[in-house]
Amino acid sequence: MTEIAWQQKDLLSIADLSAAEIQLVLDTASSFREVSARPVKKVPTLRGKTVINLFFEPSTRTRSSFEIAEKRLSADSLNFSASSSGLVKGESLVDTALNLQAMAPDLIVIRHGHPGVPRMLAERVSAGVINAGDGAWGHPTQALLDAFTIREEKGKLEGLKVAMVGDIAHSRVVRSNIELLNTMGAEVTVAGPRTMMPVAVETLGVRAVYSLEEAIRGADVVMMLRVQLERHKKVMFPSVREYFQLFGLTRERLRSAKRDAIVMHPGPMNRGVEIASDVADGSRSVILEQVANGVAVRMAVLYLLSGARQEAGA
Amino acid sequence: MTLLIRNGRVVDPSQALDETLDVLIQDGVVKRLAAAIKPPGKAEVVDATDLVVAPGLIDMHVHLREPGFEYKETVESGTRAAAAGGFTAVACMPNTRPVNDNRSVTEHIVGEAERHGYARVYPIGAVTKGEKGEELAEYGDMVAGGVVALSDDGLPVANSEAMRRALLYSRHYDLAVIQHAEDPTLGPDGVMHEGEFSTRLGLPGLPGAAEDAMVARDLLLVEDNGGRYHVAHLSTARSLELVKLAKDRGLSVTCEVTPHHLLLTDRDVLESGLSTHTKMKPPLRSEADRLALVEGLADGSIDVIASDHAPHHADEKDVEFSLAPFGIVGLETTLALCLDRLVRPGLISLSRLVEVLAVNPARVLGVAGGTLKEGSVADVTLFSLSRQMTVNASRFRSKGRNTPFDGWKLRGRPVSTFIAGRHVVV
Amino acid sequence: MAGKLKLKRKILDAGQMRRVVRRMAGEILELSGGTERLILVGIRTRGVPLAESIADEIEGMEGVRVPVGVLDITLYRDDLSTIAPQPVVKETHFPSDLEGSHVVLCDDVLYTGRTIRAALDALVDFGRPRTVKLAVLVDRGHRELPIQADVVGKKVPTSAAEVVEVRFKVTDGGNLVVIMELVEEA
């Protein structure tokens, strides 16, 4: 058990966390997972605290995961999304921040299309800010829940071989996961079409390969990434059929991974594009566990940040 | 009117001069350079002991924003900033509203500059009407109004046929065509240099090849069609290679670099925490590019340092990095940065600095100045190599405070400027 | 807080502690009318070894192992907003269904009563016991809530400057109850 105290006001990027802090989040999440298994799935911990979920980009999954986590901790939460809120429309980010500050929330969960926005916000509000995805830069709670899931399945992170396959260039999940896995001593290989691989990718601290088989050979964990069809179909690869032929995970191909390798996907999945249905639903898939663990990890983050804020404000 | 600048270190590469001399100025013209000149009876005397006396510095790439964007900068505020930064002249880009593609806009700018008198302003006219990259603007008429060079800066002349015609037609007036070299179809959504740091930040990149490809194309067009071609804010090692190659082949090609491309890199985008003051075009490049530019400056293959002074309102810059406009201000930091970060560590000589800030810009633009030869116009800049300054954006004369250099402590700074022998008071 | 804790006096040694726990076990059996549907629930951290010790004694008397649950009350504390950083959250688990059971909450020291208040809140989120009783090794007074123990190992009058420390073999390497006093640093 880790014996360090959480001191950060915000969770903006995995790069801001030490290995011990990551460990603390994961350990705390372990305890919170038990809460979701109780007959009354609710604890009074954040009673009287206000959490604002500020989503400038549509996201069903991450937002509902945060909402459930907030409700299970008895926080008062409210949602602003770009489509439904005049607050956000046509208003500068600085004004949005000032408005939020005036509402005196305790925590703000923010998803934004532009990288760095959560940090801009954090500098301007006294509330703790949780980055729920900013552009293609980071998605720290996703990385934490992935790490939590891997640790549950494999008992550790250190020394594991993790393969991430798909659109490496535009994935925020990839960046946060690489940072976390590198910090915790796992070995990461990324693979994808060359048109979806960022320049100088190895400077992220990964091995880059251009074939699915090579990426997953001997892997303990195979993480498939969502192909954003609406975004890339035209330019990045010629057709879905061809993508699946090159980089789709099939049961056949999974054989080159370790026998006990697990298959992950941050969702939402495109069945038959990046992953075959029988793999997604197969015995090695932990995709639904990721979803369940997401709630526990977010509860842990909300809990830890709600305490640190007091000190920051004191 | 007579002025004697006494006992200064006169650095004038146009006549290979670097020694302590007095400069006698009469009726706006340099009358005599000599040691221990006896001041004529009614001469005003300026003591330049421990100061450098240089031909008036010329920033050949600034945006004064007038007409159309007076909330960002005006001719008045921009020329005051120039004077405060040690410049006696600036050349302003035509991407105003309306675009400076006709004589009436040119005359407005010139008129404003003369009215305020802080610095000479040489308007640069648009290459194409409305900077749309299609039809040529009326060069002759603009020249009559005061235009000294051509550019569509802010945008490239992307259309090859338009560029070819511009090179050909500009020859009638011996005007330099200044290219903002960027292939807009490569990395169309880019907001920073494409490389390690764009990858780490997950930001869409602007590849160096977008600049290189445009420079290469233009050089081929210059070889076939002639014309004087000048690369604005050159930023990559490879573009510099291409320029060197063209010079070796005898083409009439020159190029400029900015202080920020000489001093900062794409790493600063990350390390500033995505400060929008690290966002400009061309973007801050890699360390390898930066080193190549410093080397090119030292070996003479780079002709000019220009600031690309691009003021924006604070509200425009205080937004998401991806949404912020490109550009930073530079008039009030360029000289001090160059003195402290280039001359003081010995990367370039003082005389080389005066060459790229005064002599060569005058030559590229074909304007008076850039020399203190007897008989030439008495535009003079005095600066100190030892006095220190801390960059304080909130005290800029420019309306723009968008600088990545705020808070930098620099040794060496401008002291005063003289236009045609008249001391400029800011 | 400028000061440090110094040993003031010993309340119970290992032998005395064992006898007290044995008596508590007897009282619990008497109160509950046997081991039927009896669950001992230790409040983390030192309520847990107390509950285990009581279960051991009951097993010795009755030959029946009473189930022991573990309750972490961190998430139910009413002082979370005044302490920083957040205390570490640990798991809660019960060996059997609480519905209709006779729960005996076990804790090492009863002081303000706030921990027990939180424990009661937590307990009802897991089910509806038929009865809930409270057993503590030391009652040191100074209650801030209307809460009293049903079974008390030892009543110890204390001052607010004193700290009662209960040490168990499993958590602290030895069985001992002491009073520590906060003294100003010289």
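The model I examined is a predicted one.

**Entry 1: chain A against chain B.** I looked up the contact between the two chains and found 19 residues of chain A in contact with 17 residues of chain B. On the side of chain A, the elements giving two or more residues are helix 3 (93–103), helix 4 (117–122) and helix 6 (172–183). I sorted this side of chain A by class and noted 11 nonpolar, 5 polar and 3 charged residues.

**Entry 2: domains of chain A.** I recorded domain 1 of chain A as 14–138 + 292–313 and domain 2 as 140–291. Their C-alpha centres lie 26 Å apart. Domain 1 of chain A brings 22 residues to the contact, and domain 2 of chain A brings 24. For the domain 1 side, I listed helix 1, strand 4 (128–134) and helix 12 (287–313) of chain A as the elements that give two or more residues. Helix 12 of chain A gives the most to this side, with 6 residues. I counted its classes as 14 nonpolar, 6 polar and 2 charged.

**Entry 3: helix 1 and helix 5 of chain A.** I then followed helix 1 (residues 19–35) to helix 5 (residues 140–154), where the axes come within 10 Å and cross at roughly 70°. The two helices of chain A are therefore roughly perpendicular. I noted the crossing as right-handed. Helix 1 makes the contact through V25(A), L26(A) and A29(A), and helix 5 through L144(A), A147(A), F148(A) and R151(A). By class, I found 6 nonpolar, no polar and 1 charged residues in this helix contact.

Notes. Residues numbered from 1 in each chain as written. Chains lettered and ligands numbered in written order. Predicted model: local features only at pLDDT ≥ 70, side-chain atom pairs only at ≥ 80, totals over all residues. Axes fitted to C-alpha atoms, helices over the stretch in contact; angles between N-to-C directions. Helix = DSSP H or I, 4+ residues; strand = E, 2+ residues; numbered from the N terminus. Parallel < 35°, antiparallel > 145°, perpendicular 65-115°, else oblique. Left-handed = near helix turned anticlockwise from the far one by under 90°. Contact = placed C-beta atoms within 7 Å. Nonpolar A, V, L, I, M, F, W, Y, C, P; charged D, E, K, R; others polar. Domains from an automatic or database assignment.
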